Structure formats: structure tokens, C-alpha cells
Amino acid sequence: MSSIAKLCGADFDQMVAKGAFDSLPPMKIELINGELRFMNPAGPLHEAEIEFLTDWSYANTDRNLLSIRVQSSISCSEHRPEPDVIWIRKMPTRMIRPTSQDVLLLIEVADSSLLGDLVEKAELYATHAIQDYWVVDVSAQQVHIHRNPRQGSYDSVAVHSKPAVIAPLCYPTASLSLNELFDL
């Protein structure tokens with residue numbers, strides 16, 4: 001008989017603090033539903049999209065009002081996802097992990113992770129009231145925008161393709177041309 005150990009957020013945080021993952025090869029590790037999730041390494045297109053979104057984020061925001069983090073964890077109660085790009089409220093210190101309440105915009109770039117990002121992560125982020133969740137579908141060259149979270153799902157999900165121009169709720173002047181995003 002075998003059993004599976006489920007971790008809580010505090011267990012995961014202690015493991016990180018004590019270097020439990022230091023001997024592993026560099027990879028992204030998330031805590032979702034009490035399980036450690038080892039993410040596939042990003043390919044060149046995935047990395048290029050993240051780089052583009054990071055540059056766009058810096059060019060279109062006031063850094064006195066918000067911070068931008070790339071592939072950094074957030075705390076969603078007992079979960080520790082590591083979204084590709086997040087815009088968060090300016091925090092008084094860098095010594096704490098932002099929570100879901102600090103997130104203004106959350107972006108996942110999906111190459112091989114599309115189903116998980118559209119289902120499991122969407123449910124997780126909606127449950128934790130993330131108001132503006134984008135999934136960049138690299139293969140289909142589309143952006144799925146999730147808004148109005150309520151009881152574990154989003155009331156509004158819109159799919160945008162080229163030549164659309166989209167903008168985050170928190171910063172409507174930060175327009176993003178999908179022509180530019182997908183013509184790397």
C-alpha cells in the first residue's frame with residue numbers, strides 16, 4: 001500500500017527556505033492542490049513571448065505604481081503557482097511573497113501547458129479572485145482573457161486573435177497589439 005503526502009503552503013515555504021530543491025536541476029516548481037508540480041523547461045518561442053511581454057510591461061506602466069515579476073511565485077492560500085508574468089501592487093518590502101490580493105494582472109504563456117492553464121489554473125486564480133488573467137496560446141496565436149471571477153470560475157472569458165489590441169483592467173492605456181505579440 002502506498003500513500004501520497006500532500007503539502008500545505010507553509011510546508012512548501014519551509015522546504016524552499018531550507019534548500020530542499022537546491023540539488024535539483026534548474027526548473028520551475030509549483031505547489032498546486034498540495035502537489036509539487038515540476039514544469040517542463042521553456043522552449044525558445046515560450047521564452048521569446050515572455051521576453052516580449054516583459055518588455056511591453058516595463059514600457060507601458062509606471063513603476064512607482066506597480067511592480068512586474070517574471071516567473072515568480074505568488075501565494076494563493078495553500079498554493080504557490082509561478083505565473084510567467086505578473087503585475088502586482090507596489091509592496092513596501094521585497095522580503096514577502098505577493099498574495100493573490102496583490103495581483104493586478106496575471107499572464108501565463110501556454111505552449112505545452114494550455115489545457116492546465118485554461119482549466120486548473122483558471123479555477124485556481126478565479127477562486128483566489130484574480131481579476132485579470134490572460135493565457136497566451138502560442139500555437140493558436142490567441143489570448144484568452146478571463147475576468148469577473150466568481151465561485152471558482154470566470155464569468156467572462158474572451159478569446160482574442162490578430163489583429164486585436166487588448167489592455168489590462170488595471171492599466172487601460174497599456175495597449176498590446178496581438179500582431180506585435182505573435183510576429184516575433
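Me: How many aromatic pairs does the structure hold?
Reply: This is a predicted model, so side-chain atom pairs count only at pLDDT 80 or more. Rings pair if their centres lie within 6.5 Å. The number of aromatic pairs in the structure is 5.

Me: Are the planes of the W87 and Y171 rings stacked or edge-to-face?
Reply: The ring centres of W87 and Y171 are 6.2 Å apart, and the planes stand at 90 degrees. Planes over 60 degrees apart count as edge-to-face. The pair of W87 and Y171 is therefore edge-to-face.

Me: How many residues apart in the chain are W87 and Y171?
Reply: W87 is in strand β4, residues 85-89. Y171 is in the loop between β9 and β10. The pair links distant parts of the chain, and the separation is 84 residues.

Me: Which residues do ring pairs link into a cluster with W87?
Reply: W87 and Y171 are both buried. Ring pairs link W87 into a cluster with W56, W134 and Y171.

Me: Is Y125 buried or exposed?
Reply: Y125 forms an edge-to-face aromatic pair with Y133, at 4.8 Å centre to centre and 70 degrees between the planes. Buried means under 20% relative accessible area. Y125 has 0% relative accessibility, so Y125 counts as buried.

Me: How many salt bridges does a search of the whole structure find?
Reply: A salt bridge needs a side-chain nitrogen of Lys or Arg within 4 Å of a carboxyl oxygen of Asp or Glu. One of the pairs is R37 with E120, whose closest N and O atoms are 2.7 Å apart. The search of the whole structure finds 9.

Me: Is R37 buried, partly exposed or exposed?
Reply: Buried means under 20% relative accessible area, and exposed means over 50%. R37 has 22% relative accessibility, so R37 counts as partly exposed.

Me: Which residue forms a salt bridge with D132?
Reply: The partner lies in strand β7, residues 142-150, whereas D132 is in strand β6, residues 132-137. The closest N and O atoms are 2.7 Å apart, and the partner of D132 is R147.

Me: How many residues apart in sequence are the parts that K162 and D183 tie together?
Reply: K162 forms a salt bridge with D183, the closest N and O atoms being 3.2 Å apart. K162 lies in the loop between β8 and β9, and D183 lies in the segment after α4, so the parts tied together are apart in sequence by 21 residues.

Key: Residues are numbered from 1 along each chain as its sequence is written. Side-chain values use heavy atoms; hydrogens and water are left out. Buried means under 20% relative accessible area, exposed over 50%, partly exposed in between (1.4 Å probe, protein chains only). Helices (H or I, at least four residues) and strands (E, at least two) are DSSP runs, numbered from the N terminus. Rings of Phe, Tyr and Trp (its six-membered ring) pair if their centres lie within 6.5 Å; planes under 30 degrees apart count as stacked, over 60 as edge-to-face and the rest as tilted.
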